[in-house]
Amino acid sequence: MEKIPTQIYPSILSGDFGRLADEAKRLEDSGADGIHIDIMDGHFVPNLTLGPKAVAAIRRSTKLFLDVHVMIYNPYDYIETFVEAGADRITFHFEATEDVDDTLQFIRRCGKKAGLAFRPETPFSMIPKYLELCDLILIMTVSPGFGGQKFMPEMIDKIALAREYCEKHGIRQGGIIKPGLSLPPFDIQVDGGINDETARVCTQAGANILVSGNFLFKQPDLKQAIENLRQCK
């Protein structure tokens, strides 16, 4: 399998909510590739977290790529709000809407990257038809809704199947690879229970973007922890 650089997106959900601007700046100074922002509505998942005003505040505090993960029903209705707040990529859940295609296309028409997330119980068979329609897939390695959960090792097979499918069918960032066309590998993100041990098995299976919250924010040296996680292969 092609060697793909690993990117680290700390989940600010595990940071200090009273100091979001400072936390965003700290992540930037520590070498993160972007900031993962979890949005929960208390319905699709049993928790309430940040909203568009928090995204806007983080946007004002950093130049880092803002990776907004919306765990809400009817995500189409909120796309413009998060675009205006400063999101660079909006990732929503396959299970949260019947308008998956329209929502992906709308995000892209807004000039942002579109991601599609899958809960652990959703079978791999639901993934391939959307790979050409989005810029990233997020394979949840815990049940969405709360930080600090234990990594689900059974998700490794799903990660590997997704990477194998992309390679077999020539699916890359920006479309299907054609003769004379060089495109970066398709982005496969994982989120939930990511630490220095689980990061290794995920990247070996084919994931190239790691979301980590509690593990990173508990480390005494955040910059070193991010770099260590990036090197877990």
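**Close-up 1. A negative surface patch in the predicted model**.

**Close-up 2. Strand β4 and its partner β3**. Strand β4, made of residues 89-93, is mostly covered, with five of its five residues buried; R89, T91 and H93 lie on one side and I90 and F92 on the other, so that both faces of the strand are covered. Strand β3 (residues 65-71) pairs with β4 in the parallel sense over four bridges, and F92 in β4 is the bridge partner of V70.

**Close-up 3. A salt bridge between D67 and R89**. The closest N and O atoms of D67 and R89 are 2.9 Å apart. Because D67 lies in strand β3 and R89 in strand β4, the pair ties together parts that are 22 residues apart in sequence, and both residues are buried.

**Close-up 4. A salt bridge between R108 and D135**. The side chains of R108 and D135 meet at 3.1 Å, N to O, and they link distant parts of the chain, since R108 is in helix α4 whereas D135 is in the loop between β5 and β6, 27 residues apart. R108 is partly exposed, with a relative accessible area of 33%, while D135, at 15% relative accessibility, counts as buried.

Technical notes. Residues are numbered from 1 along each chain as its sequence is written. This is a predicted model: local features need pLDDT of at least 70, side-chain atom pairs count only at pLDDT 80 or more; totals for chains, interfaces and linings use all residues. Side-chain values use heavy atoms; hydrogens and water are left out. Patches are made of residues with over 30% relative accessible area and no salt bridge: like charges are joined within 9 Å, nonpolar side chains (Val, Leu, Ile, Met, Phe, Trp, Tyr) within 5 Å. Accessible areas come from the Shrake-Rupley method with a 1.4 Å probe; for residues, only the protein chains shown count as cover. A salt bridge is a side-chain nitrogen of Lys or Arg within 4 Å of a carboxyl oxygen of Asp or Glu. Lys and Arg count as positive and Asp and Glu as negative; His and the chain ends are not counted. The place of a charge is taken as NZ of Lys, CZ of Arg, CG of Asp or CD of Glu. Buried means under 20% relative accessible area, exposed over 50%, partly exposed in between (1.4 Å probe, protein chains only). Helices (H or I, at least four residues) and strands (E, at least two) are DSSP runs, numbered from the N terminus. Two strands pair if DSSP finds at least two bridges between them.
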